Every structure is written in C-alpha cells, then in structure tokens.
Amino acid sequence: PAESSEKAENEVKTKREVLTEFVHQIENKVHALAKSEFTNSYLAENSESNRKSLTQLFFYVASTNDSFMQIRFLDAQGWEKVRVDRPKNKSPIIIKGKDLQNKGKRGYFLGIAKTSVGELWHSRFDLNIERGAIEMPLNPTFRVGTPLYLDSVFKGIVIINLRLEPFLDLLRSSEDFDTYLIDQNGKYIIHPDRNQEWSRYFTERGQIQEPISRDGYQKLNQKGYQIGTFVFSL
C-alpha cells in the first residue's frame with residue numbers, strides 16, 4: 001500500500017541521516033588527532049616523552065565517548081606504537097609492550113597508507129579481529145583512519161575503531177518493519193533472525209538471492225519482496 005511505502009521511505013531517510021551524523025562524528029575526531037600538536041611532535045621526534053604525551057591525548061579522547069572502542073597510532077611499518085582500548089562499559093586501558101601488535105599486513109593499514117594526504121579512509125562494517133581470529137562474542141566495528149606524513153615522508157596512520165553494536169541496534173529498531181542491512185554482495189549484516197547476521201563471515205548463513213544494486217530498496221520491490229522491508233545497501 002502507498003501508506004506503507006511512504007512510511008518505509010521516511011524511515012529509511014531518517015536512518016540514513018543518523019548514519020551520516022554517526023560517520024561525521026568519527027571523521028572529525030580522526031582529523032583532529034592527525035592535526036594535533038602532540039601527534040606532530042611525536043612524528044618529528046620519536047621520544048618516550050612525546051609518545052607518552054600522545055598516549056595521554058588518545059586516552060582522553062577515548063574517555064569522552066564509550067563508542068570509541070580503540071584509538072591507535074601505527075608507524076610506517078604497521079607497528080602499534082600508541083594504543084588505547086576501551087572495553088564496553090569500562091574505562092579506557094593503555095596497551096603497552098608485548099601486547100602491541102604489528103598490523104602492517106592488515107587491509108585497513110594498507111588502505112590507509114595508500115590514501116592521499118589529508119583524506120580519510122573508511123572501512124566496511126566489519127567484525128573485530130584480534131590475533132587472527134574473530135573476537136567472541138561478536139564485536140562489530142567501523143574504522144576510520146588517515147595517513148600521517150612529515151616532510152612528504154609517510155610516518156604512519158591514526159585510526160579509530162568505533163563500537164558498532166549500539167548503532168546497529170538503532171537501525172534494527174522499528175515498530176512497523178523488519179529491518180535488513182545488506183552489503184554490496186548480498187550478505188546480511190542485520191537480519192530479523194540474528195542467527196543469520198554477518199553471513200560474510202559464516203558460510204552456513206544465508207544471503208539475498210542476488211547482489212543488490214545501489215538502489216537496493218527499489219530492486220527489492222521490483223522482485224516482489226514484501227513492501228515495508230527496510231534495506232540499506234552499503
């Protein structure tokens with residue numbers, strides 16, 4: 001019915017606006033950290049004093065937002081030099097010594113390293129991986145980072161991991177519709193049956209019959225799926 005279709009379109013519009021604000025929030029923080037005097041001092045002089053000052057800045061930023069799951073500076077070889085984790089509903093933790101890892105082969109590091117100066121790199125909506133394994137219980141995350149240069153020499157990256165579950169819960173919430181969040185390959189990120197979610201990682205879980213176009217909502221309607229199904233295509 002026309003009324004249901006209009007209601008669905010309005011809900012999609014509202015949640016897209018929430019998504020835009022959600023992304024802008026983390027983008028602004030990454031830009032600010034990259035331009036900070038503490039960051040630039042550490043790039044210019046790799047001293048323990050400068051590293052501690054940068055760590056305290058990251059610790060403060062992590063303290064301001066419970067959604068900031070992890071804030072890091074990685075050097076040009078991908079080693080974590082400054083890392084602050086914030087476990088869910090807990091205070092930030094400064095990670096030190098042997099617990100710092102090399103991430104030089106991870107897709108996000110390689111992607112950010114190739115990003116132009118001053119530009120931002122964005123991940124997909126992903127599950128967090130630690131030491132080569134999917135973190136359990138599942139910990140959805142979204143990453144934004146930017147490369148750091150000193151005198152045109154690549155020195156590393158700044159990256160923030162955002163805890164994604166509260167945002168996904170907001171997208172799931174609907175009084176009128178079942179909510180699906182589907183990636184560009186037709187894999188489920190959000191599904192009314194939570195056991196079908198994150199099918200990109202779990203081959204036994206389902207997917208939509210075909211990869212959907214950028215206008216996923218229209219294509220679903222053309223295929224005769226029930227009007228009122230709410231879809232984002234990322």
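How many bridges join strand β8 to β9, and which way do the two run? Select residues 140–150 for β8 and 153–163 for β9: ten bridges join the pair, and they run antiparallel. Keep in mind that this is a predicted model.

Zoom in on the hairpin of these two strands. Two residues sit between them, and D151 takes a positive phi near 55°. L150 stands opposite V153 of β9.

Color by accessibility and β9 turns out mostly covered, with eight of its eleven residues buried.

Next, salt bridges: the count comes to 18. Start with D176 and K7, whose side chains meet at 3.9 Å, N to O. D176 is in the loop between α5 and β10 while K7 is in helix α1, so this pair ties together parts that are 169 residues apart in sequence. D176 is partly exposed at 46%, and K7 is partly exposed at 37%.

Hop to helix α5 for a local case. R172 and D169 lie three residues apart there, about one turn of the helix, with their closest N and O atoms 2.6 Å apart in a salt bridge. R172 is buried at 16%, whereas D169 is partly exposed at 38%.

Last stop: R200 and D183, a salt bridge at 3.3 Å. R200 sits in the loop between β11 and α6, and D183 in the one between β10 and β11. Select R124, D126 and R143 too: salt bridges with shared partners join these three, D183 and R200 into one network.

How values were computed: Residues numbered from 1 in each chain as written. Predicted model: local features only at pLDDT ≥ 70, side-chain atom pairs only at ≥ 80, totals over all residues. Heavy atoms only, no water. Buried < 20%, exposed > 50% of the residue type's maximum accessible area, 1.4 Å probe, protein only. Helix = DSSP H or I, 4+ residues; strand = E, 2+ residues; numbered from the N terminus. Pairing = 2+ DSSP bridges. Salt bridge = Lys/Arg side-chain N within 4 Å of Asp/Glu carboxyl O.
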